[in-house]
Amino acid sequence: MKPKVKPEMDRATVHLITAAAPLEAAATPEALGFKAYNLARMAAIGLNVPPAFVLGTGFCARPEAVTADLWRDALAHLELATGLGLGNARRPLLLSVRSGAPVSMPGMMETLFNIGLTDETLPGMVRQTGHPRLAWDAYRRLVSGFGEVVAGIDATAFEADLEAVRAGESERHLDFATLRDLTMRHLDTYRQHAGEPFPQNACAQLEAAITAVFHSWSSDKAKAYRALRGLSDEMGTAVTVQRMVFGDGGGLSGAGVGFTRNPIDGSPSPWVDFLFNAQGEDVVSGRRSAEGHEALAAIAPTVWTDLVEATQRLERHFGDMQDFEFTVQDGELFLLQTRDGKRTPQAAARIALDMADEGLIPIETARLRTAGLTDAALTTTGLASDDGASLTPVAQAATAASGVVSGEIAFDEARVRSRKAAGKSVILVRRDAETRDISALDLADGLLTQHGARTSHAAVVARQLGKVCLVGCEAMQIDETRGRMDLAGTSFQEGDLITLDGNAGLIYSGVARVRKLVPEALLARLKLLGEAV
Amino acid sequence: MAGQVLDATQDHVRALAIARALDEESTADDHAEFLSACWRVVNAERASDPLTRDLRRMLVNGIEDAATLQLATDFGAALEQSTDALLRTGYALRTLILARAGVSRQGGRA
């Protein structure tokens, strides 16, 4: 049965999210969407969230009624809070315009970034940041994103522009002059395909972006997704208009993703991946190997202290382990998102027990959270220590999911499929940790990647599927065309056997003996929890 | 030190971005922002001197291999020279802008 939806008028409201603003009674997940509701909660408990306003889900059914008159006052608050102005040539305010439904619909609706950049405001962004590359990169992304989402221009038109300028280079390595050339091409492409110039009025950009994001609720793919999941069409999406913060402006800037506790074994310390001079997408895409929190703590100790304090506050308020995203802009920490973190069964048990001991949750809640955890689910695997000759690892990598597995090396889905059909244990070895490999990962017994972070989407999926997963093995070189790889000087062919030790983050040549690890101490604590009055 | 050079470079770009838009309609805030960016570039050069000394001391105490010591010393010297160059360019830019605004080096209006 589809959930009951509140009357549309109750949800047709404009909410401000500013520093330490108390949560209004009308601010509910049904009205604000789930992500924005949690943003509002974070701001209300004093965490540094980029200021925003949210147009409630009640407007979704009639986006044509959402005119600038509705949000002008809210925008003025944003300008006041940031000291920036939308369309201001000296100190331009740049905005993201995001969809956000009461339930998660990943990738089904649209989001626009860098709204407010125009030919006139771009020099203002250079003046603020001292970073022409950042400014031109933001502008070209706005023109192509706006062109696709608002003007309905096919993405291939903008991709052709990119191919024309990059001459085989990675996008990440293009300098500001090339990005400026690319932006000019995009502006021309926009004019040709849309039949009018790209809007140079920042308010007009914002108005069109809000309408387009509301309309994305009714796109074919969004409707199909809701039909598949049995979700009500009446819920609607909210639209969040938020100040942009940049982690890729150089200096003391960067982006990170983290868990307030270790999602693999549940140990009570923050588990954070961070990249200097990067955006959040760089961390979760699986194409770059992130650093752990050590680099952040060493280079920006104040930011790290702020982050640790923020994780404690998040847990106190939300009453559960959180999966959060953050950006550091010029040494200032901004929290961008939080939600309950996905975790292994072992972590679920330890976190519930520890949080009850720490007084963060009632014992009854801990019991509910551990009710379905069987002894079998809590048992893991480890390397056998009594198998004769001591094993020497050939390389190490970051642990994204624990356990030990041995299997044949396979470089693609076809190989995984054929060897699994032959009854073999198989380890998928890839350059990047990407979610497009999900069907191969589902079949395989383990995943090893050259790049990628522990918090990348693919690593999260691997944990959920219960696969042993090691990522960011930078000592590995893969040559798919010759069907071989090199692991820190040792060569392997596709089909050779290796062992992944997800507990220690080590890779071994050949098959190692594994044994079951029964978490006796954890089981004893669970037993005590069951008996507690 | 590399971080300091990067910061100074970004400040220099900020000063350039402000300078290219300065005209009769510019406000006192624009001029103050320009001078402030120039001042940070000057300060970066001053700060680089003790940093260079610290770096040399650290390299001499921590590196025994001659080739690594030579390369690291060259790298440190290149960073220091970068802040020197930024300082000279910053002064030239400031002089140009002040002259355009009709202000002499002594601070009075011509």
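Rings of Phe, Tyr and Trp (for Trp, its six-membered ring) are taken as a pair if their centres lie within 6.5 Å, and planes under 30 degrees apart count as stacked, over 60 as edge-to-face and the rest as tilted. The structure is a predicted model, in which local features need pLDDT of at least 70 and side-chain atom pairs count only at pLDDT 80 or more, while totals for chains, interfaces and linings use all residues. Residues are numbered from 1 along each chain as its sequence is written, chains are lettered from A and ligands numbered from 1 in the order in which they are written, and side-chain values use heavy atoms, with hydrogens and water left out.

Over all chains, 9 aromatic pairs were counted by this rule. In one of them, Trp136(A) and Tyr139(A), the ring centres are 6.1 Å apart and the planes stand at 40°, so the pair is tilted. The two residues are 3 residues apart in helix α6 (residues 132–149) of chain A, a separation of about one helical turn; helices (H or I, at least four residues) and strands (E, at least two) are DSSP runs, numbered from the N terminus. Trp136(A) is buried at 11% relative accessibility, and Tyr139(A) is buried at 1%, where buried means under 20% relative accessible area, exposed over 50% and partly exposed in between (1.4 Å probe, protein chains only). Phe324(A) and Phe326(A) are also paired, with ring centres 6.0 Å apart and planes at 35°, so this pair is tilted. Both of these Phe residues are buried. One aromatic cluster is formed by Trp136(A), Tyr139(A), Phe146(A), Tyr190(A) and Phe198(A).

An open sheet in chain A consists of 4 strands in the order β7-β6-β8-β9, with antiparallel pairing; two strands pair if DSSP finds at least two bridges between them. At the edges stand β7 (271–276) and β9 (332–340) of chain A, each with a single partner strand, so one side of each has no neighbour in the sheet. Neighbouring strands are turned by 15° against each other on average, direction ignored; axes are lines fitted to C-alpha atoms, for helices over the stretch in contact (heavy atoms within 4.5 Å), and angles run from 0 to 180 degrees between N-to-C directions. Strands β6 (residues 254–259) and β8 (residues 322–329) of chain A pair in the antiparallel sense over 6 bridges. Phe326(A) in β8(A) has Gly256(A) opposite it. Helix α13 (residues 301–318) of chain A lies across β7, β8 and β9 of chain A and runs at about 150° to β8(A).
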